[in-house]
Amino acid sequence: MTEAASIRTPYGAYFMGDVPAHDSELTETGPGTPMGELMRKFWQPVCLSRELNDLPKAIRVMGEDLVAFRDRTGRIGLLHRHCSHRGTSLEYGIVSKRGIRCCYHGWLFDTDGTILETPGEPSDSRLKDSFRHGAYPAREHDGLVFAYLGPPEDLPPFPIYDCYVEPAGNRLVPYSIWHPCNWLQVHDNVMDPVHAAFLHTRMSNVQLTESYGAVPVLDFADVPNGMVYIGSRRIGNLVWIKGNHTMLPNFGQTTALWETAEKVKYFTGVSLSKWIVPVDDTHCWMFGFRHFNGEVDPQGLGREDQCGVDTVDFFGQTGHRSHEAMQREPGDWEAQVSQRPIAIHALEHLGTTDRGVATLRRMLRRSVRGEYDPRTELTRQCESRKPIHTHCYDTVLGIPPRSNGDDRDFLRELGQQVVGAVMDADAYDGEERREYLRRRMRELETIHR
Ligand code: FES
Ligand SMILES: [Fe+2]
């Protein structure tokens, strides 16, 4: 039987037993791998600040065993986990006034890898000056610890995004979520808006709001550092346009979680910013900030006290429910983790609604092959010393259905007009940018009403 015939055979599982290899170019991130090298060129979150107390914390990032600690003067250290004397794990070390001391023979390591003391050696020993212990730069921002695991000469500036400080009064609350699967299938999700209509609304229960149940008309746009999806939904006499932003390689943002799209709004921003950080090729952490402000959550449904280590305040995000509960009402976590330890792209059958996922993977592939450098624009933005623009928004416009029945075409066109205005708004910053956007949204509404 030919291969083409075998895949059309009823009860034909017998012919489909082969599982092709995973897409190693995009999924593997260990030292020396192309994707690993790309990710190492960016600041990556590695734990929450609150996880660093008087004890060191063993962590694993992109296949590297490390130890993180905060020394008693408050400096963050991120070192190779195994002592460079004889390999004892520094997770059993003693956090010291300056650096960390190995429990076995007392060697003392500074946060930059300098060996400060080898107390068992003769006082005139030069051993400690002849090499350094493996160390990476680390820093904190609003409760997340970020590290740079790339070559020291390529240390990038640390990006500060506009949504950290906008709208006025926004509060960032750090969280993390453990995923026993490859990083990319968790990251893919940010460019898959259609799953919200099915997984989050129609399949078992309404997990966010009823409005997500309308399948969006989809489009996509290139923006600095990455892409946005434009999901346009017809909700009665309103049009809800949602744009989520992903920046290469592994940063993504989501708009209002509990958007009801019941009334007009011209531009609201981000409710979570998240990085998918590989632990190894079959495990990853999502580290993120939940954004708490009245603009994205006017009803105050968010719960800051439920955000933390392996916990966040909305449904279906962690692996802590009973297996039965997961089966009866699966959420993002079950859908993504269950795609296999590493999702096999060669077994997928991508359709029109997967265009975002396919585009994201294509952009990642171009980046690992050096055909596109996602650091260039980010570095330029960092050097401008202004908060970096993000392009993540909900807009709800009062525009009735088109009388000629071409609503889906119209929704796509309107989505493009909204994202065009968002691009034009890059000429402005802060509240001026937001005011410009609100004005442009009002204009679109007037034109099309
Ligand atoms: S193994 Fe760490 S000091 Fe000896
Ligand atoms: Fe989701």
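The following legends describe close-up views of a predicted model.

Local features are reported at pLDDT of at least 70 and side-chain atom pairs only at pLDDT 80 or more, whereas totals for chains, interfaces and linings use all residues. Residues are numbered from 1 along each chain as its sequence is written, and chains are lettered from A and ligands numbered from 1 in the order in which they are written.

**View 1. Packing of helices α10 and α11.** Helix α10 spans residues 407–424 and helix α11 residues 430–448; the two pack at an angle of about 155°, and their axes are 9 Å apart. Helices (H or I, at least four residues) and strands (E, at least two) are DSSP runs numbered from the N terminus. Axes are lines fitted to C-alpha atoms, for helices over the stretch in contact, and angles between N-to-C directions run from 0 to 180 degrees. The crossing of α10 and α11 is right-handed, that is, the near helix is turned clockwise from the far one by less than a right angle. From α10, L414, Q417, V418, A421 and V422 meet L437, R440, M441, L444 and H448 of α11; contact denotes C-beta atoms, placed from the backbone, within 7 Å. By class, the contact of α10 with α11 has seven nonpolar, two polar and one charged residues. Here Ala, Val, Leu, Ile, Met, Phe, Trp, Tyr, Cys and Pro count as nonpolar, Asp, Glu, Lys and Arg as charged, and the others, Gly among them, as polar.

**View 2. The buried side of helix α5.** In α5 (residues 195–202), the buried residues are A196, L199, H200 and T201. They lie on the same side of α5 because they cover an arc of only 165° around the axis, the arc being that of the directions from the helix axis to the C-beta atoms. These buried residues of α5 pack against α7 (332–337). L199 is buried, with 22 other C-beta atoms within 10 Å; the class requires 20 or more, exposed 12 or fewer, and partly exposed lies in between, with C-beta atoms placed from the backbone. L199 touches P330 and A335, not counting residues up to four places away in sequence. The C-alpha atoms of L199 and P330 are separated by 7.4 Å, although the two residues are 131 residues apart along the chain.

View 3. The bond from E166 to P167 is cis, with omega near -5°, and P167 lies in the loop between β11 (144–147) and β12 (171–179). L248 and P249 are also joined by a cis peptide bond, with omega about 0°. P249 lies in the loop between β15 (238–247) and β16 (251–254).

View 4. Most residues other than glycine have a negative phi. Y11, in the loop between α1 (3–6) and α2 (24–27), has phi near 50°. Y11 is exposed, with 6 other C-beta atoms within 10 Å. R385, in the loop between α9 (374–383) and β20 (393–397), has phi near 65°. R385 counts as exposed, with 8 C-beta neighbours inside 10 Å.

View 5. E25 is partly exposed, with 14 other C-beta atoms within 10 Å. Leaving aside neighbours within four places in sequence, E25 is in contact with P34, M35, R365 and V368.

Note on methods: Contact = placed C-beta atoms within 7 Å.
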